[in-house]
Amino acid sequence: MKGKPNRAFSGPELCRLEAHEVVAMLGAGDIDAAELLEASRRRIESADAEVNAMPVRCFDRAERQLAAWRAGGNVGGRGAAGWLGGLPVGIKDLNNVSGVPTSFGTLGLRDHVPPRSDPLVERLEARGALVVGKTNTPEMGAGGNTFNDVYGATRNPWNTDRNAGGSSGGAAVSLATGQVWLSHGSDLAGSLRTPAAYCGVVGLRPSPGRAGVGSADLLFNTDGVQGPMARSVTDCALFLDAMAGFERRSPITFPPPDEPFRQAVAHPAPALRIAYAPTLNGFAPVVAAIDDVIRGALGQLEREGACIEETCPELPDLDHTYRVLRAMLWAAGPGKAPESVQRHYKATLRDNIDFGRRLDIDDVYRMQRGRSRLFDNMQSFLRDYDLLACPTVGLPPGPVEEEFPTEIDGKPLTDYIEWLRFSYLATATGLPALSMPVGFSDQGMPVGLQLIGQPRGEAALLAAARAVEITVGGPLAPIDPCTPRRS
């Protein structure tokens, strides 16, 4: 991968392997899940003090889960779609894991220990995932920098002076440092895409309902979705197989496809037709350092036979549509928590909730019509292209102490989410979107390319991403955390 720094990895050799390699070894009986638990524990203990990716660990629970899984005879399924066979994973601290502290990153829930896991966690554990910890997130998942008053800030392993993105920052860092092989994320304003880009891993925001749902209070929510994060496209496909399926407790989930996603990436898409929209028609600013790296990667694809055209569909009223969707979600979710919880909220979260409460019905009508028009425009546009490509985020990660940037290339930003505008389109239209590393900046930081696919087109999106990954020389291996003073 162009510009790739030479970074050391001092963790166990098992932690260096990709998830699909480890699962194959589990299936063949070449390793035991207990060995993986020990390798994950050692790596977390040696690396996490510098990055704070997984502040809550539950290895005793994972060992009990493994024992119960074996005692129940649930050791079959080798080779089945989504079978993980005893692979340690991380779960974002916005999702309940039974008997494990789940704070949502807010002081009012610091002592919250749920008695029951969320349905998605239950599904993953039934398919052989061993939850070893909860990954860090900003308060209630609000914001593109992962910090909170319960566990503190998560640092970017490529430069620990920089932030890791958010809100799935802990998940991305746990992968980049080799603490786990797969880590669960969720996404509203790029919450798994931004940290994937900043940390050099792969994050997939699937179609709503593809990978289960989050909050039991908002079962019809299609804006904030659950999704897989991994170090490679192949591993991302494996994790999506483990997440996918109809869940009777959810009204928006649906059955998995006939062909597993893991099989789709075994046949990388040839001769891709890619539309590149570097600013989404001027909607989202990008610094030259990001655009240059992406153009270099697209040039490599073009030399391999892909057709690249710089173009973009019309995206009318995207800002209003996304902001109303977001505000409604915050007002209906965190905005309905008890006052004992809400009184701890940071100012930016309170502001978003207040905006949602001030919406009038005409705002909602306009959003609904705008969302439909955006989807229709994208669907028509994608008849001529396999993918719409754009930056995942328009600027490199800022200082870990900075909640959000205030300008891009000298242009002032008005609030704490405006810098995340590249994330709005997939959320507003419900289209699957994936972020993957395609190169490095001059400062040695990963640069993420975002690929937006067809409606419910995760299989084709993953196959295309695998072709891109092969061309640019990915995936990236895990690294030891470092700062400029040590690099």
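Biologist: A volume here is the space filled by probe spheres set on grid points, which are joined across faces, edges and corners. What volume does the largest pocket have?

Modeller: The volume of the largest pocket is about 950 Å³. A pocket is an open set of points on a 1 Å grid over the protein atoms alone, where a 1.4 Å probe fits, with protein on both sides within 12 Å along at least five of seven lines; lining residues have an atom within 4 Å of a point. This is a predicted model, in which local features need pLDDT of at least 70 and side-chain atom pairs count only at pLDDT 80 or more, while totals for chains, interfaces and linings use all residues. Residues are numbered from 1 along each chain as its sequence is written, and side-chain values use heavy atoms, with hydrogens and water left out.

Biologist: Which residues are the closest to the centre of that pocket?

Modeller: Among the 45 lining residues, Leu94, Phe104, Met140, Ser215 and Pro334 are the closest to the centre. The lining divides into 22 nonpolar, 17 polar and six charged residues. Here Ala, Val, Leu, Ile, Met, Phe, Trp, Tyr, Cys and Pro count as nonpolar, Asp, Glu, Lys and Arg as charged, and the others, Gly among them, as polar.

Biologist: And which element gives the largest share of the lining?

Modeller: Helix 11 does, with four residues. At least two residues each come from strand 8 (182–187), strand 10 (225–230) and helix 11 (318–332). Helices (H or I, at least four residues) and strands (E, at least two) are DSSP runs, numbered from the N terminus.

Biologist: Back to Met140: is it buried or exposed?

Modeller: Met140 is buried, because its relative accessible area is 12% (buried means under 20%, exposed over 50% and partly exposed in between, with a 1.4 Å probe and protein chains only). Met140 sits in the loop between strand 3 and strand 4 (147–148). Although Met140 is not a glycine, its phi is positive, about 55°.

Biologist: What about Asp317, where is it found?

Modeller: Asp317 belongs to the loop between strand 12 (307–310) and helix 11. Asp317 also has a positive phi, about 60°, without being a glycine. With a relative accessible area of 30%, Asp317 is partly exposed.

Biologist: What is Arg323 in contact with, leaving aside its neighbours within four places in sequence?

Modeller: Arg323 touches Phe355, Thr414, Asp415, Ile417, Glu418 and Tyr424, where contact means heavy atoms within 4.5 Å. Arg323 lies in helix 11 and is buried, at a relative accessible area of 16%.

Biologist: New topic: how many residues of helix 6 are buried?

Modeller: Eight of the eight residues of helix 6 (residues 169–176) are buried. Its cover includes helix 3 (33–51), strand 3 (129–135), strand 8 and strand 10. Gly178 follows helix 6 and has a positive phi, near 75°.

Biologist: Which residues does the cis peptide bond with omega about 10° join?

Modeller: That bond joins Gly166 and Ser167, and Ser167 is in the loop between strand 7 (159–163) and helix 6. The peptide bond from Gly474 to Pro475 is also cis, with omega near 0°.

Biologist: Finally, at what angle do helix 10 and helix 16 pack?

Modeller: Helix 10 (residues 288–303) and helix 16 (residues 458–472) pack at about 100°, with axes 10 Å apart. Axes are lines fitted to C-alpha atoms, for helices over the stretch in contact, and angles run from 0 to 180 degrees between N-to-C directions. The two helices are therefore roughly perpendicular, a term for angles of 65 to 115 degrees. The residues of their contact divide into five nonpolar, two polar and no charged.

Key: Parallel < 35°, antiparallel > 145°, perpendicular 65-115°, else oblique.
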